[in-house]
Amino acid sequence: MVVVVKKGTNEQQLSHLVDWLRSMNIDVQTSEGQYETVLGLIGDTSRIDMDLISGLDIVDSVTRITEPYKSANRKFHPDDTVIDVCGHKIGDGNLAYIAGPCSVESPAQITSIAKEVKEAGAAFLRGGAFKPRTSPYAFQGMGAEGLRLLETAKKETGMPIVTEIMDLRHLDLFENVDVIQVGARNMQNFELLKELGKTDKPILLKRGLSATMEELLMSAEYIMAGGNSKVMLCERGIRTFEPYTRNTMDISAIALLKEKTHLPIIADPSHAAGISRLVRPLALAAVAAGADGLMIEVHNDPKHALCDGPQALTPPQFAQVVREAEAIKQVMRGNI
Ligand code: PEP
Ligand code: MN
C-alpha cells in the first residue's frame, strides 16, 4: 500500500501516522520528495482500513498494491484448490456438472429428475428447498421437507446434493447436505458467511446481483478466514442495463477469477440467461473461458415448474450440453 502525504505536513504529524501504522505490525518506508512524502507500507495490509487513512487531513491519496483478500488469492496459493465432495473432485481440471430443478416440488419430481440428470452426466444434484423469491406470494420452497426429499433422491441415485441456505437458523437442518449454496442475495450476509466458515462443508458462493469480482472474493475470504477453505465461486450473471436477458453473464469474470484465485469457478448460465434456449451457448462459452463446472437448472416438465420454468432445460437438452461442453474442454486442453 502506498500513502502519499500532503505537502506542508509537519514532522510531528508524520511521525504520529508512521507510529500508528507500525503499531499495526506494518513496516513503513518513507521517501521524501520535493512536493510530497510517500510512505510505502510493507506487511499484511489486508487488515488496514484504506478509507480511514485516506480520510486523514494530512493524506493526499492511498493506493492498494496487494489485493485485500489473502486466503483466496492465487499469489499466495498458486495451485488450484480441489474440493472433494463424496469422492467427486471439483477443480481438478475436469468439469463438474451440477444439475436439477430450481426447486424441489415433490418426491416423484426430484427423484425422477435426479435419475435423468445422472444418466445425462451430472455428478451433483441441485434443488432449492428454501427459495429466495422476489414476491412473498410466490412459491417459497418446501423447506425442511424439501431437504428430506433431496436426501431420499441422494439415497436412490448416490448423487451428492447442493442446496441453498437462506438463514443461519436453518444450519442444523443442513447436516446431510453435501454442498451448501449461498445465493446471490446472501453473498454479503456476513454473519451467515462467518458461521459457514466454522463448518467443514463445501460452500458454493454465488456472485451478488451487482457485486464486483473483488466483493465476491472478499465474501469468500469471510468463509475462509473462519477456517473453511472449501469454497467454490459461482458466476450467475450480474444485473446490467440490458432487459432482454434476466442478467448478463459475465464471461470475463470466469477467465479473470481463474487468474485472481485458486478456488474453483462454477458457471450458472440458467440464472444468467433466464431463457432456456440461451443456456446452451452461455454454458459452452463459460467452459471455453475456463469454468471448472456448470450448474444448470433441469426440469422434466418446464412448463409446469413452480419456479424458473422458462430457463429450465429438459434432460435431453442437458445431455446435449454435457456432450458439447466435454468437446469444448478437449479443445481448450489442446487435444483437438
Ligand atoms: C438458485 O440457484 O436457484 C438461485 C436462486 O440462484 P441465485 O441466488 O443465483 O439467484
Ligand atoms: Mn432458479
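Trainee: Quick one to start: what's the relative accessible area of K89?
Mentor: K89 comes out at 42%, so it counts as partly exposed. Keep in mind that this is a predicted model.

Trainee: Which residue does K89 form a salt bridge with?
Mentor: That's D84, and the closest N and O atoms of the two are 3.1 Å apart. D84 is partly exposed as well, with a relative accessible area of 41%.

Trainee: How many salt bridges are there by this rule?
Mentor: The count comes to 17.

Trainee: OK, what about K154, which residue does its side chain meet in a salt bridge?
Mentor: D178, at 2.9 Å from N to O. That pair links distant parts of the chain, 24 residues apart: K154 is in helix 4 (residues 144-157), while D178 sits in the loop between strand 9 (161-165) and strand 10.

Trainee: And D178, buried or exposed?
Mentor: Buried, because its relative accessibility is 11%, under the 20% cut-off. K154 is partly exposed at 24%.

Trainee: Which residues do salt bridges with shared partners join into one network?
Mentor: E67, K75 and K260.

Trainee: Switching to helices: at what angle do helix 5 and helix 6 pack?
Mentor: About 40°, with the axes 6 Å apart; helix 5 covers residues 190-197 and helix 6 covers 213-225. The two are therefore oblique to each other.

Trainee: Which residues meet there?
Mentor: On the helix 5 side you have F190, L193, K194, L196 and G197, and they meet S219, Y222 and I223 of helix 6.

Trainee: And N186, where is that found?
Mentor: In the loop between strand 10 (179-182) and helix 5. N186 is buried, at 12% relative accessibility. Leaving aside residues up to four places away in sequence, N186 touches I165, M166 and L192.

Trainee: Now the surface. Which residues form a nonpolar patch?
Mentor: W20, M24, L52 and L56 do, with about 320 Å² of accessible area together. W20 lies in helix 1 (residues 11-22) and is partly exposed at 33%.

Technical notes
Residues are numbered from 1 along each chain as its sequence is written. Chains are lettered from A and ligands numbered from 1 in the order in which they are written. This is a predicted model: local features need pLDDT of at least 70, side-chain atom pairs count only at pLDDT 80 or more; totals for chains, interfaces and linings use all residues. Side-chain values use heavy atoms; hydrogens and water are left out. Patches are made of residues with over 30% relative accessible area and no salt bridge: like charges are joined within 9 Å, nonpolar side chains (Val, Leu, Ile, Met, Phe, Trp, Tyr) within 5 Å. Accessible areas come from the Shrake-Rupley method with a 1.4 Å probe; for residues, only the protein chains shown count as cover. A salt bridge is a side-chain nitrogen of Lys or Arg within 4 Å of a carboxyl oxygen of Asp or Glu. Helices (H or I, at least four residues) and strands (E, at least two) are DSSP runs, numbered from the N terminus. Buried means under 20% relative accessible area, exposed over 50%, partly exposed in between (1.4 Å probe, protein chains only). Axes are lines fitted to C-alpha atoms, for helices over the stretch in contact, and angles run from 0 to 180 degrees between N-to-C directions. Angles under 35 degrees count as roughly parallel, over 145 as roughly antiparallel, 65 to 115 as roughly perpendicular and the rest as oblique. Contact means heavy atoms within 4.5 Å.
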